[in-house]
Amino acid sequence: MSESRITRRKVVTGTAMTAVGVPLLAACGSGDDSGTGSSGDSGSGGSGPLVATSEVPVGGGVIVADRNLVATQPTEGTFKVFSAICTHRSCPVTKVAGGTIDCPCHGSRFSIEDGSVTQGPATSALEEVAFEVTDGEIVPS
């Protein structure tokens, strides 16, 4: 059996093999821009209200990490809900500031108004999620 050196490049590209010839898998995102994890059932991590409307700042938003969703209020009384999974490499977004929803992994930013990309490398918008406002709470539908 010949020895093969495992380099960083082999691990990053997913071509490294173990000593017995079994592929070594790296947990780095899928490599496509399909936004896996951002399907319409993004909020399946729980049921019931997502957040109270009073907790969503005008011109900003709230990330609900355990539901993989972001609720925004671009203008007073107008609410939006998006997947909190970046469409570039499926990292969770972590911040809403300055009118954008920000991903820490590679710097992608998305509009709080429609989820569109305002700064790449992402090329696809965040998925918008259907919701209702009931009794002062945002509830995914």
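Two strands count as paired if DSSP finds at least two bridges between them. The model examined here is predicted.

Start with strand 3 and strand 4. Strand 3 covers residues 69-75 and strand 4 covers residues 78-83. They run antiparallel, joined by 5 bridges.

Strands of a sheet pair through backbone hydrogen bonds, either parallel or antiparallel. Here 4 strands line up in the order 5-6-7-8, and the pairing is antiparallel. Strand 5 (95-97) and strand 8 (117-119) stand at the edges. Each has a single partner strand, so one side of each is left without a neighbour in the sheet. On average, neighbouring strands of this sheet are turned by 35 degrees against each other, direction ignored.

Strand 7 (residues 109-111) pairs with strand 8 in the antiparallel sense, over 2 bridges. Within this pairing, F110 stands opposite V117 of strand 8.

Next come the charged side chains. Side chains of opposite charge can pair when their charged atoms come close. The count of salt bridges comes to 3.

Take E128 and K80. Their side chains meet in a salt bridge, at 3.6 Å from N to O. This pair links distant parts of the chain, 48 residues apart. E128 lies in the loop between strand 8 and strand 9 (131-134), while K80 belongs to strand 4. E128 counts as partly exposed because its relative accessibility is 42%. K80, at 22%, also counts as partly exposed; the cut-off for buried is under 20%.

What joins K95, D102 and R109 into one network? The answer lies in salt bridges that share partners. D102 meets K95 at 4.0 Å, N to O. D102 also forms a salt bridge with R109, where the closest N and O atoms are 3.8 Å apart.

Is D102 buried or exposed? D102 is buried, because its relative accessible area is 7%. Its partners fall in another class. K95 is partly exposed at 44% relative accessibility, and R109 is partly exposed with a relative accessible area of 36%.

Notes: Residues numbered from 1 in each chain as written. Predicted model: local features only at pLDDT ≥ 70, side-chain atom pairs only at ≥ 80, totals over all residues. Heavy atoms only, no water. Axes fitted to C-alpha atoms, helices over the stretch in contact; angles between N-to-C directions. Buried < 20%, exposed > 50% of the residue type's maximum accessible area, 1.4 Å probe, protein only.
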